[in-house]
Amino acid sequence: MLKIAQLTATRTIVIKDREPLVARENEVVIGVQTAGICGTDLALFSGDYPVPLPLVCGHEFVGKVKSIGEGVDKRWLGRRVTAEINNTCIAYNRTPVCRACKMGMPSHCQQRTVTGIINHDGAFAEEVAVAQGTLHEIPESMDSATAALTEPLAAALQTFEMSPIAENDTVVMMGPGRLGILIVFAVALKGCRVIAVSRSEAKRQRSLAFGASKALSPDQAEEAVKEITEGLGADIVVDATGHPDGITLALSLVRPRGTLSVKTTCGLPTQGLDMTKLVVDEIRLQGSRCGPFGPALKILEKHQEKLKTLITSTRPLAEAQQALESATLENKVMLRMD
Ligand SMILES: [Zn+2]
Ligand SMILES: [Zn+2]
């Protein structure tokens with residue numbers, strides 16, 4: 001029997017035994033080593049992001065391929081891997097493929113399941129089964145806990161796939177938490193100026209350590225950003241506050257024809273966004289979600305020592321309930337299965 005940590009109701013994780021998984025066609029079963037907890041897991045846990053339950057959460061993970069289904073290349077067996085979260089037509093090698101996949105947007109596959117989020121049990125378990133096309137091998141030099149940061153780092157990079165930045169751009173990063181701090185780091189690597197905004201002194205300090213040129217509290221932000229940008233506003237303001245109203249402050253910081261980039265998936269609607277300012281200032285509103293794993297793995301490999309310091313604690317699977325409860329107060333909590 002295998003252990004799983006199943007979300008059965010709001011704020012309720014039950015540790016259960018389950019039969020070992022059997023890989024279906026074009027699917028692999030992975031023995032999970034480490035899984036990270038992110039803001040999406042916390043929204044699922046709190047019920048703010050409602051999905052069909054019961055569900056095994058966990059979509060940021062590393063493990064070894066234990067078994068493969070029909071149609072899967074045997075070379076995957078025994079490899080240490082992480083996986084993209086969308087199990088798409090293409091990842092399952094299905095024909096015909098849906099229109100979204102045909103259009104080159106497989107992360108929006110109309111028939112997808114999403115590992116650990118939508119209709120697909122995830123990695124807060126000793127085993128997870130995913131479509132073969134989601135797999136990425138982990139370089140040997142990288143430890144598994146650090147490699148479990150691939151998915152969130154890819155999501156951070158996707159911000160600038162959707163809204164490319166130029167060398168001298170000023171980016172404001174609101175909410176430099178689990179995901180936001182990776183965005184701060186990614187922007188600094190590109191050589192752009194990044195200003196972090198947070199209520200938390202600890203998060204401001206960490207932002208400076210990860211490449212922010214300035215770190216401000218929200219009440220200082222508007223005046224300081226104006227001063228830095230000759231009164232115009234920032235080129236891109238990224239909202240990863242995790243709060244439905246983060247976007248309101250973000251709107252006051254962005255320049256005319258700038259971009260408001262939204263990363264918050266708190267599951268709650270925003271009240272009272274000033275659409276008139278959005279129109280008058282011709283501001284672009286851009287969401288973004290899953291990103292490219294290849295570049296994320298390259299960055300992790302190069303900066304592993306620095307990025308692994310973002311992991312604040314690791315708990316065994318049996319303590320998944322406590323891990324989710326404490327994750328709201330920490331940067332990055334990991335579950336380990338062995
Ligand atoms: Zn995540
Ligand atoms: Zn599809």
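## Close-up views of a predicted model

**Helix 4 and helix 5 are oblique to each other.** The angle between the axes of helix 4 (residues 150-162) and helix 5 (residues 180-189) is roughly 55°, and the axes come within 9 Å. Angles under 35 degrees count as roughly parallel, over 145 as roughly antiparallel, 65 to 115 as roughly perpendicular and the rest as oblique. Axes are lines fitted to C-alpha atoms, for helices over the stretch in contact, and angles run from 0 to 180 degrees between N-to-C directions. Helices (H or I, at least four residues) and strands (E, at least two) are DSSP runs, numbered from the N terminus. The crossing of helix 4 with helix 5 is right-handed (near helix turned clockwise from the far one by less than a right angle; anticlockwise is left-handed). Helix 4 contributes Pro152, Leu153, Ala156, Leu157, Thr159 and Phe160 to the contact, and helix 5 contributes Leu182, Ile183 and Ala186. Residues are in contact if their C-beta atoms, placed from the backbone, lie within 7 Å. This contact has eight nonpolar residues, one polar and no charged. Ala, Val, Leu, Ile, Met, Phe, Trp, Tyr, Cys and Pro count as nonpolar, Asp, Glu, Lys and Arg as charged, and the others, Gly among them, as polar.

The model is predicted: local features need pLDDT of at least 70 and side-chain atom pairs count only at pLDDT 80 or more, while totals for chains, interfaces and linings use all residues. Residues are numbered from 1 along each chain as its sequence is written, and chains are lettered from A and ligands numbered from 1 in the order in which they are written.

**Helix 4 is roughly perpendicular to helix 10.** Helix 10 spans residues 293-302; its axis and that of helix 4 come within 8 Å and cross at roughly 115°. The crossing is right-handed. Thr150, Leu153, Ala154 and Leu157 of helix 4 meet Phe293, Pro295, Ala296, Leu297, Ile299 and Leu300 of helix 10.

**Six strands form an open parallel sheet in the order 12-11-10-13-14-15.** Strands pair if DSSP finds at least two bridges between them. Strand 12 (214-216) and strand 15 (284-287) are the edge strands, each pairing on one side only. Neighbouring strands are turned against each other by 20° on average, direction ignored. Strand 11 (residues 193-197) is joined to strand 12 by three bridges, and isoleucine 195 has lysine 214 as its bridge partner in strand 12. Helix 8 (residues 246-253) packs on the sheet, where it touches strand 10 (170-174), strand 13 (234-239) and strand 14 (254-262). The direction of helix 8 makes about 155° with that of strand 14.

**Strand 1 and strand 2 form a hairpin with two residues between the strands.** Strand 1 (residues 2-9) and strand 2 (residues 12-18) pair in the antiparallel sense over seven bridges. Glutamine 6 stands opposite valine 14 of strand 2. Arginine 11 takes a positive phi near 55° in this hairpin.

**Domain 1 and domain 2 meet through eleven residues of each.** The domain assignment, which is automatic or from a database, gives domain 1 as 2-152 + 291-336 and domain 2 as 164-287. Their C-alpha centres lie 28 Å apart. On the side of domain 1 that touches domain 2, helix 1 (residues 39-46) gives the most, with three residues. That side of domain 1 divides into six nonpolar, three polar and two charged residues.

Terms used:
Two residues are in contact if their C-beta atoms, placed from the backbone, lie within 7 Å.
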